[in-house]
Structures are given as structure tokens and as C-alpha cells.
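Work through the exercises below with the sequence and the structure at hand. Each task is followed by a solution in steps.

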Amino acid sequence: MGITIRPLVKTDTRAIQGMLAASEAFSEEEVRVALLILAEGIEGGPAGDYPVFGAEMDGLLCGYACIGQTPLTHSTWHLYWICVHPRFQGRGVGQALQSHVESFIQSRGGTRIVIETSGRESYSRTWRFYEAGGYQLCGRIPGYYKPLDDCLFYYKEI
């Protein structure tokens with residue numbers, strides 16, 4: 001019943017694609033970009049530009065996260081993607097991924113994590129998740145993604 005976090009491998013791609021689609025939070029274009037970055041993350045492994053980690057529960061891949069050190073910064077990292085399959089939401093999977101990512105970043109000398117996310121009201125559960133994890137809203141760009149879809153910036157010092 002525990003949650004195991006591990007680096008993702010190529011054979012996980014189909015499960016991640018299904019997870020992204022099942023979440024209904026991402027457009028087809030966003031899923032396409034997530035899969036491109038996922039492929040690069042898998043190729044580079046944990047030492048690459050986009051480390052990717054998966055969460056398993058009951059032997060099933062049920063969540064993933066993609067991170068990367070922010071270019072031209074000393075110790076800032078971005079959490080680019082975090083997704084938990086809807087069947088596993090509310091069971092601690094997202095928190096386990098978030099904790100693992102934070103520990104990984106700290107082990108690489110990182111001191112800050114930045115998250116950019118949609119300002120659409122349908123993302124309110126996502127905002128609450130970040131805030132519960134200690135992330136602070138620090139900015140908003142109106143119409144960033146498209147009209148009426150702002151970009152919200154969250155960060156956390158670790």
C-alpha cells in the first residue's frame with residue numbers, strides 16, 4: 001500500500017500519456033509538449049536537464065513529476081509538471097512526489113523551486129495543493145497562456 005518513487009523509464013511513457021489525458025486538466029498541445037519533455041527527461045536520466053520521477057502504488061504507476069534547474073540561476077529549479085492519475089488523487093501520491101522532488105533538488109544544491117500554472121478557476125484544486133505544500137503565490141501575468149488564462153507563479157524556499 002506504500003508509495004514508491006523512482007526515475008521513469010521509456011516503458012512508462014504510455015502510462016504517463018494516459019495519466020495526462022485522464023486528468024482532463026491538459027489540452028492536447030500541453031500533453032504533446034509534456035511527452036516531448038518526458039522523452040528528454042527519460043533519455044537524460046536523473047543527471048539530465050529534466051529529471052523525471054514516477055510514483056507507484058500497488059504496483060501501478062500513478063503519478064509523475066518533471067523538474068529542471070532554471071537556466072542562468074545559481075540554485076533555482078522549476079517544477080515543470082506534476083500529475084497524479086485521478087483514481088489515485090487524495091491518497092498522498094502528489095505529496096510523496098513533491099517531497100521527493102524537493103529532497104532531490106536540495107541534494108543538487110537547489111534552494112528554491114518555482115512553479116508556473118494556469119490561472120483558470122478549474123485549477124483551484126492545484127493551487128490549494130501547492131499552497132498546502134508551503135508554496136507561496138508571488139505573481140500573475142494576465143492572459144499569459146491565452147485570453148482569460150493567466151499564469152500564476154508560485155515559489156518555495158527549501
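**Exercise 1. Aromatic pairs.** How many aromatic pairs does a search of the whole structure find, and which parts does the pair of Tyr50 and Tyr80 tie together?

Solution. 
- Step 1. Apply the criterion: rings of Phe, Tyr and Trp (its six-membered ring) pair if their centres lie within 6.5 Å, and the planes count as stacked under 30 degrees apart, edge-to-face over 60 and tilted for the rest. The search of the whole structure gives 8 aromatic pairs.
- Step 2. Tyr50 and Tyr80 make an edge-to-face pair, with 5.6 Å centre to centre and 65° between the planes.
- Step 3. Tyr50 is in the loop between H2 and strand S2 (52-57) and Tyr80 is in strand S4, so the pair ties together parts 30 residues apart in sequence.
- Step 4. Classify accessibility: buried means under 20% relative accessible area, exposed over 50%, and partly exposed in between (1.4 Å probe, protein chains only). Tyr50 is partly exposed at 24%, and Tyr80 is partly exposed at 30%.
- Step 5. Look for clusters. Phe129, Tyr130, Tyr135 and Tyr154 form one aromatic cluster.

The model is predicted: local features need pLDDT of at least 70, side-chain atom pairs count only at pLDDT 80 or more, and totals for chains, interfaces and linings use all residues. Residues are numbered from 1 along each chain as its sequence is written, and side-chain values use heavy atoms, with hydrogens and water left out.

**Exercise 2. The largest pocket.** Which elements supply the lining of the largest pocket, and how do the residues of the lining divide into nonpolar, polar and charged?

Solution. 
- Step 1. Define the space. On a 1 Å grid over the protein atoms alone, a pocket is an open set of points where a 1.4 Å probe fits, with protein on both sides within 12 Å along at least five of seven lines; lining residues have an atom within 4 Å of a point.
- Step 2. Take the volume, which is the space filled by probe spheres set on the points, with grid points joined across faces, edges and corners. For the largest pocket this is about 1,200 Å³.
- Step 3. List the lining. It has 38 residues, and Phe26, Ile82, Tyr123, Thr126 and Tyr130 lie nearest the centre of the pocket.
- Step 4. Assign elements. At least two lining residues come from each of helix H2 (28-44), strand S4 (76-84), helix H3 (93-107), strand S5 (112-118), helix H4 (124-132) and strand S6 (136-146). S4 gives the most, with 7 residues.
- Step 5. Sort by type, with Ala, Val, Leu, Ile, Met, Phe, Trp, Tyr, Cys and Pro as nonpolar, Asp, Glu, Lys and Arg as charged, and the others, Gly among them, as polar. The lining divides into 18 nonpolar, 11 polar and 9 charged residues.

**Exercise 3. Nonpolar cores.** Which residues have the most contacts inside the largest nonpolar core, and which element gives the most to this core?

Solution. 
- Step 1. A nonpolar core is a set of buried Ala, Val, Leu, Ile, Met, Phe, Trp, Tyr and Cys residues joined through side-chain atoms within 4.5 Å.
- Step 2. The largest such core has 24 residues, and Ile67, Leu79 and Val93 have the most contacts inside it.
- Step 3. S2, strand S3 (60-69), S4, H3, S5, H4 and strand S7 (149-157) each supply at least two of its residues. H3 gives the most, with 5 residues.
- Step 4. Another core, of 16 residues, lies apart from it and includes Leu8, Met19, Ile42 and Val52.
- Step 5. Met19 is in helix H1 (residues 13-23) and is buried at 1% relative accessibility. Leaving aside neighbours within four places in sequence, Met19 is in contact (heavy atoms within 4.5 Å) with Leu61, Cys62, Gly63, Tyr64, Cys83, Val84 and His85.

Technical notes. Helix = DSSP H or I, 4+ residues; strand = E, 2+ residues; numbered from the N terminus.
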